[in-house]
Amino acid sequence: MEAISARGRDFAAQNPTFLSVLSDSWDSQSNPNGIVNLGLAENTLMHGEMQEFMNSKVQIDAHALTYGDGFSGSHRLKEACCQFLNRHFSPWTVLSPSNLVVTSGVSNALECCAWALADRGDYILVGRPYFNAFKTTFGTRPGVELLEVAFATTDPFSLAAVKEYERAYVEAISQGLCVKALLLCSPHNPLGRCYPEEVLKEYMKFCARNGLHLISDEIYALSTWENPRLPEAPGFKSILSLNVRGLMDPSMLHVVWGLSKDFGATGLRVGCLISPSNRLTLDAAEGVSLYNFPSSVADQIAASLLLDHEFTEQYITTSRRRLSTSYDLVTTFLRTHDIPYIECNAAFFVWINLGAKTEGRGITDTEITAQLRQEKVYIAAGKAYAAEEAGWFRLVFAHPQHVLQEGLERMLRAIDSMANPSLL
């Protein structure tokens with residue numbers, strides 16, 4: 001007899017590949033032969049500040065030992081989220097606690113969108129490349145499919161890109177597919193850029209024309225910086241800040257955000273789904289909240305953090321400065337060693353073309369990945385993000401200098417060994 005069910009075997013096959021990286025993380029003192037992790041999108045630059053805040057400023061009370069105020073966030077945390085979002089996202093209509101629900105991370109908030117806005121077998125439009133976990137977030141439990149949009153030579157952040165979505169949508173309808181929503185990631189993962197305001201408005205109009213929901217994943221909202229090599233690049237603008245009533249049905253607009261990225265707290269597991277004009281979407285999220293709510297301890301920590309305006313302002317300023325410094329260190333290294341990359345000004349990663357260093361040798365991305373692992377450095381391959389061209393990888397730079405230097409040197413050894421085998 002089989003030890004587990006058929007779906008159990010399917011789930012086992014989806015075991016994340018980076019788990020082996022986490023179990024053997026490099027440390028210059030305690031584990032010098034471990035794996036340098038430049039693939040997982042975490043910001044470790046600010047861990048010291050966060051640790052100090054939690055150890056000195058947070059007081060956990062007995063309420064944290066209960067189910068709290070329910071499964072979708074405490075009253076205090078919802079109010080804290082609203083105060084923070086109203087200050088930093090400049091919503092067109094001021095947010096109140098009734099406009100959002102709290103979840104155990106942004107992935108859960110996105111999954112709530114899948115449950116509430118689509119049925120099994122329905123489709124959601126998403127442009128390539130895209131965050132690799134979108135496929136599992138929408139598909140594994142809710143059974144919602146992604147309809148990938150390719151851009152070829154069109155700039156994904158341009159007005160012309162909207163026409164590619166239009167073409168993909170028309171083609172899908174002609175094939176009898178049921179498309180329910182458009183998913184944007186702004187700032188973008190993995191390209192690290194923000195959408196201009198006029199492009200965001202055009203996407204809203206596109207959704208209005210076709211009766212689609214618009215889901216905006218804004219998890220990297222405050223992780224932006226000035227890039228002198230990209231002086232005209234737009235900064236982050238929340239889609240909540242636009243006058244939705246003049247562009248689309250307000251009930252069709254939904255935004256997700258959380259503490260994992262902007263506050264370097266992936267382990268805290270606190271996110272939120274914001275749907276200012278669609279209470280039914282939030283009610284649906286409440287309906288599955290038993291499976292999505294963060295611990296009451298995390299709830300209290302997050303509320304204390306977001307309500308401390310002085311700390312959060314200083315934290316965001318410092319984080320942006322450190323991200324800029326790390327980005328400059330990494331991109332200087334890439335230029336020095338003739339590794340092509342795409343300039344960006346947001347999030348924690350840079351899109352690099354390692355394949356260009358082995359061009360003409362018939363070396364695949366799988367082989368590059370294997371050689372990187374041989375050198376004990378983890379960098380995510382672009383094929384996991386539905387990259388349109390081979391050779392591209394996502395390198396995370398939001399780490400201290402000594403970590404980056406170790407990882408970059410290992411990466412270079414891996415690529416040089418493939419490009420110039422005679423040097424071995």
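Tutor: Helices (H or I, at least four residues) and strands (E, at least two) are DSSP runs here, numbered from the N terminus. The model is predicted, so local features need pLDDT of at least 70 and side-chain atom pairs count only at pLDDT 80 or more, while totals for chains, interfaces and linings use all residues. Residues are numbered from 1 along each chain as its sequence is written, and side-chain values use heavy atoms, with hydrogens and water left out.

Start with a loop position. Glycine 391 sits in the loop between β12 (380-381) and β13 (392-396). Glycine 391 is buried, because its relative accessible area is 3% and buried means under 20% (exposed is over 50%, partly exposed in between; 1.4 Å probe, protein chains only). Leaving aside residues up to four places away in sequence, glycine 391 touches Ile352, Asn353, Leu354, Gly355 and Asp365; contact means heavy atoms within 4.5 Å. Threonine 366 lies 25 residues from glycine 391 along the chain, and their C-alpha atoms are separated by 9.6 Å.

Asp365, touched by glycine 391, belongs to helix α12 (residues 365-374). The axes of α12 and α13 are 8 Å apart, and the helices pack at an angle of about 130°. That angle makes α12 oblique to α13. Axes are lines fitted to C-alpha atoms, for helices over the stretch in contact, and angles run from 0 to 180 degrees between N-to-C directions. Under 35 degrees counts as roughly parallel, over 145 as roughly antiparallel, 65 to 115 as roughly perpendicular, and the rest as oblique. Glu367, Ile368, Gln371 and Leu372 of α12 meet Met411, Ala414, Ile415, Ser417 and Met418 of α13. By class, this contact of α12 with α13 has six nonpolar, two polar and one charged residues. Ala, Val, Leu, Ile, Met, Phe, Trp, Tyr, Cys and Pro count as nonpolar, Asp, Glu, Lys and Arg as charged, and the others, Gly among them, as polar.

Helix α13 (residues 401-419) also packs with helix α11 (residues 309-336): their axes come within 11 Å and cross at roughly 20°. Therefore α11 is roughly parallel to α13. The crossing in which α11 passes α13 is right-handed. From α11, the residues Ser326, Leu329, Val330, Phe333 and Leu334 meet Gln401, Leu404, Leu408, Glu409, Met411 and Leu412 of α13. Eight nonpolar, two polar and one charged residues make up the contact of α11 with α13.

Glu49, Met50 and Phe53 of α3 and Phe311, Tyr315 and Arg322 of α11 form the contact. Its residues divide into four nonpolar, no polar and two charged.

As for the record, an unreviewed UniProt entry lists residues 39-410 as "domain: Aminotransferase class I/classII large"; positions follow the numbering used here, feature names are shortened, and annotations may be inferred rather than shown by experiment. Over residues 39-410 the chain is 38% helix and 14% strand, with the end C-alpha atoms 13 Å apart.

Conventions
Left-handed = near helix turned anticlockwise from the far one by under 90°.
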